[in-house]
Amino acid sequence: MISQILRNLEVYEKDPMVKLLILKVEKDFTKGLNSSVKIKGQGKAFCAGGDIIGIVFTVNEGHWSFGESFYKKQLTLDYMFATSRKPLVSLINGVVMGGGAGLSMNSMFRVVTENTVFSMPEAQIGFFPDVGASYFLSRLPGFFGEYLGLTGGRLNGNEMLACGLATHLVLSKHLPLLDKALSQVASSDASTISTVINGFSSKISLKKDSVFRRLETINKCFSRKTVEEILSMLENEAANGDNKWIIRAISSMKSASPTSLKIFLKSIREGRTKELNDCLSQDYTIACHMIRRTFNHDVFEGTKAKLLEKDKQPKDKIKWEPSKLELVSDEFVDQYFEEVDDADWEYLQLPVRPNLARTWESKL
């Protein structure tokens, strides 16, 4: 499917009749194309673990090179979307995470609804928030990106708009009308498209218990240098009241792969000063080490326990290696960011593309 989308994208960019691209992420499975090009997500959840399961299956059968090839194409598609010569509008009306986040978050316009749920829970299965997350999460206000990647916390549409992950909020009942209006746009001008979307947009309405309203506390905790220090600060804050969201965050981090947490923290901190192509290239290097089981088997253990046998194995029985944060040294983590020791392996080479147009700013 990824190869086909890449081929189609090349055709669409050269076709003067195509003015914009629309990526639809919906609850229901639908498919089809019209003159404005619709690439629709299948099922309620868009890329919710299916890609990593496929990679794990092929690697277990002895075909790790297939997993690397698939992943290379996925990251290339993310970059092609981010640098598309035609404006890309993502209409997100469902659950988006993992690979689906990479596609939709790397588009110029990111339209969410009251049904949208966003999450990057990869550390829970021994992987790490990838597909450019170290780029787009690091551009969120304060250290909110660290919070999302380390805890796998979920956001609704209003919260996505408030923190800058989304550019517009449109009620789901208005999506068909917006879809029709976008299909009739006769220009690739970004301001023209934005004006059309604005005509259907709603204002932000954050609930009192929204985690984004806890940004001051999040910054206080997640700005710490190490994962251990972040957890310690969270535990201190939990003793001071207003602690439901903090308890969930602590529980999530303690059940995740210690290695994955430390890899992501290093990745997002470095991502703040990198361009998207460099972040994607780094994702590829880290993932190749994980796929090859160079240093541990965490992604295979986590995928088996939480995606394949989630009803059979208690979450606290996953055999993470190393098993504790204090056993994961900086030197161990640094190895994941270094070149793979294989004469046939190469760093991810992305095509030279001129435009990287997007806005990452809080709407609150």
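User: At what angle do helix H10 and helix H11 pack?

Analyst: Start with the general idea. Two packed helices are described by the angle between their axes and the distance between those axes. Here the axes are lines fitted to C-alpha atoms, for helices over the stretch in contact, and angles between N-to-C directions run from 0 to 180 degrees. Now the case. H10 (residues 215-222) and H11 (residues 227-238) pack at about 140°, with axes 8 Å apart. Helices are DSSP runs of H or I with at least four residues, strands are runs of E with at least two, and both are numbered from the N terminus.

User: Why are H10 and H11 called oblique?

Analyst: Check the classes. Angles under 35 degrees are roughly parallel, over 145 roughly antiparallel, 65 to 115 roughly perpendicular, and the rest oblique. H10 and H11 are therefore oblique to each other. One caution before you go on: this is a predicted model, where local features need pLDDT of at least 70 and side-chain atom pairs count only at pLDDT 80 or more, while totals for chains, interfaces and linings use all residues. Residues are numbered from 1 along each chain as its sequence is written, and side-chain values use heavy atoms, leaving out hydrogens and water.

User: Which residues of H10 and H11 meet?

Analyst: Contact means heavy atoms within 4.5 Å. From H10 come Thr-217, Lys-220, Cys-221 and Phe-222. They meet Ile-230, Met-233, Leu-234 and Glu-237 in H11.

User: On to strands. Which residues lie on each side of strand S4, and are they buried or exposed?

Analyst: In a regular strand, side chains alternate between the two faces of the sheet. Buried means under 20% relative accessible area, exposed over 50%, and partly exposed in between, using a 1.4 Å probe and protein chains only. S4 spans residues 88-92, and five of its five residues are buried. Leu-88, Ser-90 and Ile-92 sit on one side, with Val-89 and Leu-91 on the other. Both faces are covered.

User: Which strands run parallel to S4?

Analyst: Two strands pair if DSSP finds at least two bridges between them. Strand S1 (residues 21-25) is joined to S4 by five bridges, in parallel. Strand S6 (residues 109-112) is joined to S4 by four bridges, also in parallel. Residue by residue, Ile-22 stands opposite Val-89, Leu-23 pairs with Ser-90, and Leu-91 pairs with Val-111 in S6.

User: Is S1 mostly covered or mostly open, and which way do its residues point?

Analyst: S1 is mostly covered, with five of its five residues buried. Leu-21, Leu-23 and Val-25 point one way. Ile-22 and Lys-24 point the other way.

User: What does Val-111 touch?

Analyst: Val-111 lies in S6. Its relative accessibility is 0%, so Val-111 counts as buried. Leaving aside residues up to four places away in sequence, Val-111 touches Val-89, Ser-90, Leu-91, Ile-92, Thr-167, His-168, Val-170, Leu-178 and Ile-197.

User: How many disulfides are there?

Analyst: A disulfide is a covalent bond between the sulfur atoms of two cysteines. The rule here is a pair of cysteine sulfur atoms within 2.5 Å. The count comes to zero. Cys-163 is buried, at 1% relative accessible area. Cys-279 is buried too, at 1%.

User: Where does Val-131, with its positive phi, lie?

Analyst: Val-131 has a phi of about 45° although it is not a glycine. Find it in the loop between strand S7 (117-119) and helix H5 (133-136). Val-131 counts as buried, at 0% relative accessibility.

User: And Arg-293: what is its phi?

Analyst: Phi of Arg-293 is near 55°, a positive value in a residue other than glycine. Arg-293 lies in the loop between helix H14 (276-291) and H15. At 26% relative accessibility, Arg-293 counts as partly exposed.

User: Which peptide bond is cis?

Analyst: The bond from Glu-321 to Pro-322 is cis, with omega near 0°. Pro-322 is in the loop between helix H15 (298-308) and helix H16 (330-334).

User: Last, how many helices and strands does the protein chain have?

Analyst: The protein chain has 16 helices and nine strands. Of its 364 residues, 55% are buried.
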